[in-house]
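Colleague: I would like to learn how to read the features of a protein model from its coordinates. Please take them in turn, with the general idea and then the case at hand.

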Amino acid sequence: MPAKSYELHGVRVLECEHALRNDRDAVELIPAVWENRAGWLVVPIECLDDDFFRLNTRIAGEIIQRFVTYRVRIAIVGDISRHLAESSALRDFVYESNRGEQVWFVPDLEALGERLKRLQLL
């Protein structure tokens, strides 16, 4: 599966470069995260279908659960304000996810870098 690996504020990340449509796609990506010794998987929102952001489809839950099960931290990167405006359930989900250290929704790589830097200071 295509992905690129790089350092972001001293943390190795693997950035997904293909569509992540279902939990099988997630499972196929996990070995690449391990092989690259990545602390985080970065998933640009361009790799996700709009159905991911509709929680009633269960796609987000299935994909994220795969990563959580295998202890792969995931950062979904990009502007999701349109999706947040459409769904209070998604707003709650994003809020709760961002309070933890396993799944984050951030607007850009700069914001992810800042969060990683703060996490390292703890």
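**Reading the fold and the side chains**

Modeller: The protein chain has 5 helices and 5 strands. Helices (H or I, at least four residues) and strands (E, at least two) are DSSP runs, numbered from the N terminus. This is a predicted model, in which local features need pLDDT of at least 70 and side-chain atom pairs count only at pLDDT 80 or more, while totals for chains, interfaces and linings use all residues. Residues are numbered from 1 along each chain as its sequence is written, and side-chain values use heavy atoms, with hydrogens and water left out.

Colleague: In what order do the elements of the protein chain run from the N terminus on?

Modeller: The order is β-β-α-β-α-β-α-α-β-α. For overall dimensions, the radius of gyration is taken over C-alpha atoms, and the globule rule is 2.2 Å times the number of residues to the power 0.38. Here the radius of gyration is 13 Å, close to the 14 Å that the rule gives for 122 residues, so the protein chain is as compact as a globular protein of that length. Along the principal axes, its C-alpha atoms fill a box of roughly 35 × 30 × 25 Å.

Colleague: How is burial read, and what percentage of the 122 residues is buried?

Modeller: Buried means under 20% relative accessible area, exposed over 50%, and partly exposed in between (1.4 Å probe, protein chains only). Buried residues make up 44% of the 122 residues in the protein chain. Accessible areas come from the Shrake-Rupley method with a 1.4 Å probe, and for residues only the protein chains shown count as cover. The accessible surface of the chain comes to about 7,000 Å², and carbon and sulfur atoms hold 48% of it.

Colleague: And contacts: what share of those with a separation of 6 or more is between residues 24 or more positions apart?

Modeller: Contact means heavy atoms within 4.5 Å. The share in the protein chain is 69%. Not counting residues up to four places away in sequence, Arg-66 touches Asp-23, Ala-26, Val-27 and Ile-30. The C-alpha atoms of Arg-66 and Asp-23 are separated by 6.5 Å, although the two are 43 residues apart along the chain. Arg-66 counts as partly exposed, at 32% relative accessibility.

Colleague: Which residues does Gln-120 contact, leaving aside its neighbours within four places in sequence?

Modeller: They are His-9, Gly-10 and Val-11. Gln-120 sits in helix α5 (residues 109-121) and is partly exposed, with a relative accessible area of 45%.

Colleague: How do you classify aromatic pairs?

Modeller: Rings of Phe, Tyr and Trp (its six-membered ring) pair if their centres lie within 6.5 Å; planes under 30 degrees apart count as stacked, over 60 as edge-to-face and the rest as tilted. By this rule the count comes to 4 aromatic pairs. Among them, Trp-34 and Tyr-70 have ring centres 6.0 Å apart and planes at 65°, so the pair is edge-to-face. This pair links distant parts of the chain, with Trp-34 in helix α1 (residues 23-35) and Tyr-70 in the loop between α2 (59-69) and β4 (73-77), 36 residues apart. Tyr-70 is partly exposed, with a relative accessible area of 37%.

Phe-93 and Phe-105 form another edge-to-face pair, 6.0 Å centre to centre with 75° between the planes. Phe-93 is in helix α4 (residues 88-99) and Phe-105 in strand β5 (residues 103-106), 12 residues apart.

Colleague: Are Phe-93 and Phe-105 buried or partly exposed?

Modeller: Phe-93 counts as partly exposed at 25% relative accessibility, whereas Phe-105 is buried at 8%.
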